[in-house]
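Biologist: I have the model open and would like to go through it with you. Can we take it piece by piece?

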Amino acid sequence: MIAPPSSAAAAATVAVHPVLRALLSRPYPAVMGVLNVTPDSFSDGGQFIAPDRALAQARRMIDDGADIIDIGAESTRPYGGARPVSAEQEMERLRPVLADIVSLGVPVSIDSMKAAVVGFALASGAVIANDVWGLQRDPDMAALAAARDCPVVVMHNRDHVDPDIDIMQDISAFFARTLDIAARADVPAGNIVLDPGIGFGKTPAQSMTALARLDELRSFGLPLLVGASRKRFISSVIPSEPQQRLGGSIAAHLVAARRGAGIIRTHDVAETAQALRVAAAIEEKR
């Protein structure tokens, strides 16, 4: 059976942020639509860097069932080769489009590892911070999240892949460090969402292990987000390019939902939303 969002466990011990409580109140996971306003993202680099195209894509994803729009202006390219950009460059890419996307009426998250960019986006109407380094890269990120009292997605990451480690032990240790940083900065536990970072600092086998054993992370008592969309581990099972990985992405996300993910991050909103809702409707008939 598709497990209820892991916020159920969190709600028993912490006060869940109202934005998260609304997103996690359904019998199926919330869908976060990916919007990259970058020239070099691994799957759709350059497609939506023009403001009019970015806004049209945001509207399309909302129509297709997105509950959150996750906008990023720096590619983190999980398989290496990302070209770092300055905070000012990120903000320049966001300025022409962020306010218009916020005006569409669904929660907007900002995908950035820089506190300055996150602060700019929150001041412009975004309501969720999405940090691919789990508060461990920019020393100002935790204090900003606390000051703004916003939900924050903290993702597991590694600088280097190590095929010999126990990836679940590494993820758990990383999250323990993140939660300690958050607690010392007075970030409420009910504002935090854990993301195991599928594809980031992991071999394909480790990414699949993180999905298969996702439910172990529910011991933290916090909501879980999974973004397996178009990731390379799919190609290790069936050779494919990013645009050919829809079936594998949906399979991974259905597994994640069954193991407790409360939010699914995807490039393919319509297909993913349909799959999650149909699976939940079927399971209700058991």
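**Loops, sheet and surface**

Modeller: Let me start with P242: its relative accessible area is 15%, so P242 counts as buried. Bear in mind that this is a predicted model.

Biologist: Where is P242 found?

Modeller: P242 sits in the loop that runs between α10 and α11. Its C-alpha atom is 16 Å from that of T38, and the two residues are 204 residues apart along the chain.

Biologist: And I238, buried or exposed?

Modeller: I238 is exposed, because its relative accessibility is 55% and the cut-off for exposed is over 50%. I238 is also found in the loop between α10 and α11.

Biologist: Which residues form the nonpolar patch on the surface?

Modeller: M208, V237 and I238 form that patch, and together they have about 270 Å² of accessible area.

Biologist: Switching to the sheet. What is the strand order?

Modeller: The order is β6-β5-β4-β3-β2-β1-β8-β7. It is an open sheet of eight strands, and the pairing is parallel.

Biologist: Which strands stand at the edges?

Modeller: Those are β6, residues 192-195, and β7, residues 225-226. Each has a single partner strand, so one side of each is left without a neighbour in the sheet.

Biologist: What does helix α11 touch?

Modeller: Helix α11, residues 246-258, packs on the sheet and touches β7 and β8. The direction of α11 makes about 165° with that of β8, which covers residues 263-266.

Biologist: Now β4. How many bridges join it to β3?

Modeller: Three bridges join β3, residues 108-111, to β4, and the two strands run parallel. S109 has I128 as its bridge partner in β4.

Biologist: And what about the pairing of β4 with β5?

Modeller: Strand β4, residues 128-131, pairs with β5, residues 152-155, in the parallel sense, over three bridges. There, N130 has V153 in β5 as its bridge partner.

Biologist: Which residues of β4 are on each side?

Modeller: I128 and N130 are on one side, A129 and D131 on the other. All four are buried, and both faces of β4 are covered.

Biologist: Last one, G125. Where does it lie?

Modeller: G125 lies in the loop between α6, residues 115-123, and β4. With a relative accessible area of 30%, G125 is partly exposed.

Biologist: How far apart are G125 and V108?

Modeller: They are 17 residues apart in sequence, and in space the C-alpha to C-alpha distance between G125 and V108 is 7.6 Å.

Methods. Residues are numbered from 1 along each chain as its sequence is written. This is a predicted model: local features need pLDDT of at least 70, side-chain atom pairs count only at pLDDT 80 or more; totals for chains, interfaces and linings use all residues. Side-chain values use heavy atoms; hydrogens and water are left out. Two strands pair if DSSP finds at least two bridges between them. Contact means heavy atoms within 4.5 Å. Axes are lines fitted to C-alpha atoms, for helices over the stretch in contact, and angles run from 0 to 180 degrees between N-to-C directions. Patches are made of residues with over 30% relative accessible area and no salt bridge: like charges are joined within 9 Å, nonpolar side chains (Val, Leu, Ile, Met, Phe, Trp, Tyr) within 5 Å. Accessible areas come from the Shrake-Rupley method with a 1.4 Å probe; for residues, only the protein chains shown count as cover. A salt bridge is a side-chain nitrogen of Lys or Arg within 4 Å of a carboxyl oxygen of Asp or Glu. Buried means under 20% relative accessible area, exposed over 50%, partly exposed in between (1.4 Å probe, protein chains only).
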